[in-house]
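Thank you all for coming; I would like to take a few minutes to go through one structure with you. Please have a look at the sequence and the model first.

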Amino acid sequence: MNFECDVLIIGGGPSGLLTGSLISKKGFKTIILEEHGEIGRPEQCTGLVSWRIGEIPERIVLNTVKTARFCLGKHYFEVSSRKKMLVINRFEYDKYLAENAIENMVVIKTGEKAIGIKNGRVITNRGNTYQGRIIVGADGPNSITARLSGLKQPGNLLFALQCVAKGLFEEDVVEIRFEKEFSEDGFAWIVPMDKNRARVGLVTKGNPLPRLTTFLKKLNLEVVDRPVGDSIRFGLMCKTVAFNTILVGDAACQIKPFSFGGLVYGKICSNIAGEACVKALEENNFEEKFLVESYESKWKGEIWKAMKKGLWMRRFFNLVRRIPFSFTLINKIGLDILAEKTLDPDFLK
Ligand SMILES: Cc1cc2nc3c(=O)[nH]c(=O)nc-3n(C[C@H](O)[C@H](O)[C@H](O)COP(=O)(O)OP(=O)(O)OC[C@H]3O[C@@H](n4cnc5c(N)ncnc54)[C@H](O)[C@@H]3O)c2cc1C
């Protein structure tokens, strides 16, 4: 079958759902294609976000944390956030966003994977074709929309894997570990969901499973569920608009290059994407130049500097992690206190 709409969104993750809601709310016909059979599944996210995620129902918040403990062997330092960070239930969050989108009249087609494009129409695995006056690629780190529209995603690719483990945890402390055996280019984490359960995972180059197994063994934790994960693509993506197509969220690498959190930047940029699409539809202007001005320049204005700070922080950590006692030194010379006073978790200040 052939379907037509004002905006066709590929990807039913948070970025696609938020963008779609905004557009549809203004009365424009919006369709979201999601390859999986259910929104929010598989749940492959730790769900650690700052207050900038905005107002969400209480039932979605599993825990609040205040302190990040950065560890390298027996050396460590701590940084506390002025405002508490939230640990959310990512499946419930996506479900909540989908319910909002449906309330705003977005049509969500699950089990429908975009596989190609022909004569301006997106073709799916079910043999359907979809045409939108604007196409939004919200299809994550390995975006087919980017590929089909000639937008080059950065080549920095890591793999993250996590599971839920049972044990005894400090409820308001997130532990981030930089030992080489867990990850040479990323880190491992323990994010408490409550006193007795935590999301334990790591992000690294290559296959993360053997490293996660080692990490869990060292911690002597009981694993509650099967490990789940995904690619993490990061870096500055200069071009995110091509013709009538825009990329948003992980598809546009709108993630923090230090912690690899993408929910807050994705939310900020989805708002801008939604507004830009509405403006284009109201003014009947789908030229690339117009979309660059109303979307790309604006999202860069909001988070580009913060992303650069994140990249700088990543370089700093990759340097100091080579020196075993450096994390104690950071504490001794008061760099941790300076960070606490001057940095915010999203690098937006
Ligand atoms: C293990 C792990 C832990 C993480 N922890 C955190 C964290 O604690 N805090 C944080 O802020 N971020 C975290 N992230 C990152 C966060 O999950 C992403 O930044 C966020 O999901 C981005 O949302 P999105 O909507 O842009 O992309 P996604 O959530 O990736 O959504 C893209 C959607 O598009 C669909 N899709 C892809 N291709 C197609 C296609 N061809 N056709 C149709 N549909 C398609 C996918 O199925 C998916 O549903 C983590 C990531 C991983 C892997």
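I will begin with the ligand site, and then turn to helix packing and the backbone.

Please keep in mind that this is a predicted model, in which local features need pLDDT of at least 70 and side-chain atom pairs count only at pLDDT 80 or more, while totals for chains, interfaces and linings use all residues. Residues are numbered from 1 along each chain as its sequence is written, and side-chain values use heavy atoms, with hydrogens and water left out.

The ligand is surrounded by 33 residues, a residue being counted if one of its heavy atoms lies within 4 Å, and the closest are Ser15, Glu34, Leu48, Ala114 and Asp250. By class, this shell has 13 nonpolar, 12 polar and eight charged residues, where Ala, Val, Leu, Ile, Met, Phe, Trp, Tyr, Cys and Pro count as nonpolar, Asp, Glu, Lys and Arg as charged, and the others, Gly among them, as polar.

Which backbone atoms make polar contacts, that is, pairs of N or O atoms within 3.5 Å? A backbone N or O atom of leucine 48 lies 2.8 Å from a ligand oxygen, a polar backbone atom of alanine 114 is 2.9 Å from a ligand nitrogen, and one of leucine 263 is 3.0 Å from a ligand oxygen. Taken alone, the ligand exposes 990 Å², of which the protein buries 89%, by the Shrake-Rupley method with a 1.4 Å probe. The elements giving two or more residues to the shell are α1 (14-25), β2 (30-34), β3 (48-49) and β15 (228-234); helices (H or I, at least four residues) and strands (E, at least two) are DSSP runs, numbered from the N terminus.

Turning to the helices, α1 and α2 (residues 90-103) pack at about 20 degrees with their axes 9 Å apart, the axes being lines fitted to C-alpha atoms over the stretch in contact, with angles running from 0 to 180 degrees between N-to-C directions. They are therefore roughly parallel, a term for angles under 35 degrees, with over 145 counted as roughly antiparallel. By contrast, α5 (residues 263-283) and α6 (residues 288-320) pack at about 165 degrees, with axes 8 Å apart, which makes α5 roughly antiparallel to α6.

Finally, the backbone: a cis peptide bond with omega of about -5 degrees joins arginine 41 and proline 42, and proline 42 is in the loop between β2 and β3.

How values were computed. Polar contact = N/O pair within 3.5 Å; in protein donor to acceptor, adjacent residues only side chain to side chain. Parallel < 35°, antiparallel > 145°, perpendicular 65-115°, else oblique.
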